[in-house]
Structure formats: structure tokens, C-alpha cells
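Reader: I would like to go through the salt bridges here. Please set each value against its definition.

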Amino acid sequence: MKSSRRDYPEVNAGSMADIAFLLLIFFLVTAVIPDDKGINRKLPPPCAPNTNCTGAPISQRNILEVKINAKDELLVENESISIDELKDITKVFLNNNGDGSCDYCVGLKNKNLSDNPKKAVVSLANSQETSYDFYIKVQDEITKAYYELRSDYATTTLKKPSHKLTIEELQTVKKAYPFILSEAEIKD
């Protein structure tokens, strides 16, 4: 007697696990993991134990105080400014040549601003509620000020555009306008 059931061919599932494993390995190897980039800053070396690492006191005129409050408002020297003004204010401060010791500076020689770029410090303080986007915008404007001053120095002093400098010339430019940014709390 014939059975009313039909026999269906079976699928050999023995190698399914191997294929799934190979696909998993393939996707793990070929997947691109996003590379989060931070702010490129060189941190000071750690302080040796039992050593006073506070350094020499900095004259108040050599500190440009930049503050960001919880509402993403920008204060420079306790005056409210827009983000668009920050780069120019920073450049004027850094390039001031208040003590006359900088022969490449073309500043105003204002006695209330920095002595020279090597002594100038940009102090950045922010609230814990400051938005990350605004904090990055402020960092970008300060960085642009330094890069523009360095580019001007390369063009006028070294007679080369900044993108054609050798490593030694680039180090000279960085020494002329060292990037000194402090994010430490301001002690009154």
C-alpha cells in the first residue's frame, strides 16, 4: 500500500553553521569602525613626585580670559562677545608686543595686553552645562587665530607659504607663536 505522504528531499544543513561563521568573520573584517577624533593638544608632562610644578607666576596682562557659561554665552575679559569676534580678539592679544621684545610682531603695543606671543596665555574656562558643540567652536576660533598668525609669520619672515615649510622651519614658526592654552581653573 502506498503512503499518501510524499517524501520531500532533505536539505543538508551541516555546513550552514560554517557559512554563517564565515559571513560573520567577513563582516567583522570589512566593517569600518568610526574613528572618533578629539582635539589635538599636547599635554604637559606629568609632575615628578615631591616637585613644585606650578612654574613662575604669570602676569595678569599676559592672560586672555575666555569663559563660556551654561547658556553658551562667551565672555572675554568679562565682556560679552560673539563667537565671530573671538579669533580677531585673540590675534590682537597674542600679537600685541607690549614689552617691545618681539621684532616680528605687528601689534598695537598696548600696555594692557600681552608682552609677546611667547608669554601670552589663553585661559579657557567653561561651565559643566556648556554644550559640546559651542565648546568646540570656541576651541576652533582660538586655534584659527594661532594658525593665521603662524601663516603670516611664515609668509613675512620666512618668505614661504605655510604649506611649503620644512620641518625645521615649521618648528621655528611654532616657537615664534607657541600654542599656550590653559583650561585650568582660574585662581583669584
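Reader: Why is K119 called partly exposed?
Author: Its relative accessibility is 42%. Buried means under 20% relative accessible area, exposed over 50%, and partly exposed in between (1.4 Å probe, protein chains only). So K119 counts as partly exposed. This is a predicted model: local features need pLDDT of at least 70, side-chain atom pairs count only at pLDDT 80 or more, and totals for chains, interfaces and linings use all residues. Residues are numbered from 1 along each chain as its sequence is written, and side-chain values use heavy atoms, with hydrogens and water left out.

Reader: What makes D99 and K119 a salt bridge?
Author: A salt bridge needs a side-chain nitrogen of Lys or Arg within 4 Å of a carboxyl oxygen of Asp or Glu. For D99 and K119 the N to O distance is 3.6 Å, so the pair meets the definition. D99, at 35% relative accessibility, is partly exposed.

Reader: Why is K87 called buried?
Author: Its relative accessibility is 19%, so K87 falls in the buried class. K87 pairs with E148 in a salt bridge at 2.9 Å, N to O. The two are 61 residues apart, with E148 in helix α3 (residues 132–156) and K87 in helix α2 (residues 83–94). Helices here are DSSP runs (H or I, at least four residues), numbered from the N terminus.

Reader: Which class does E148 fall in, buried or partly exposed?
Author: At 27% relative accessibility, E148 is partly exposed.

Reader: How do you know that K144 and E141 are about one helical turn apart?
Author: They are three residues apart in helix α3. E141 is buried at 14%.
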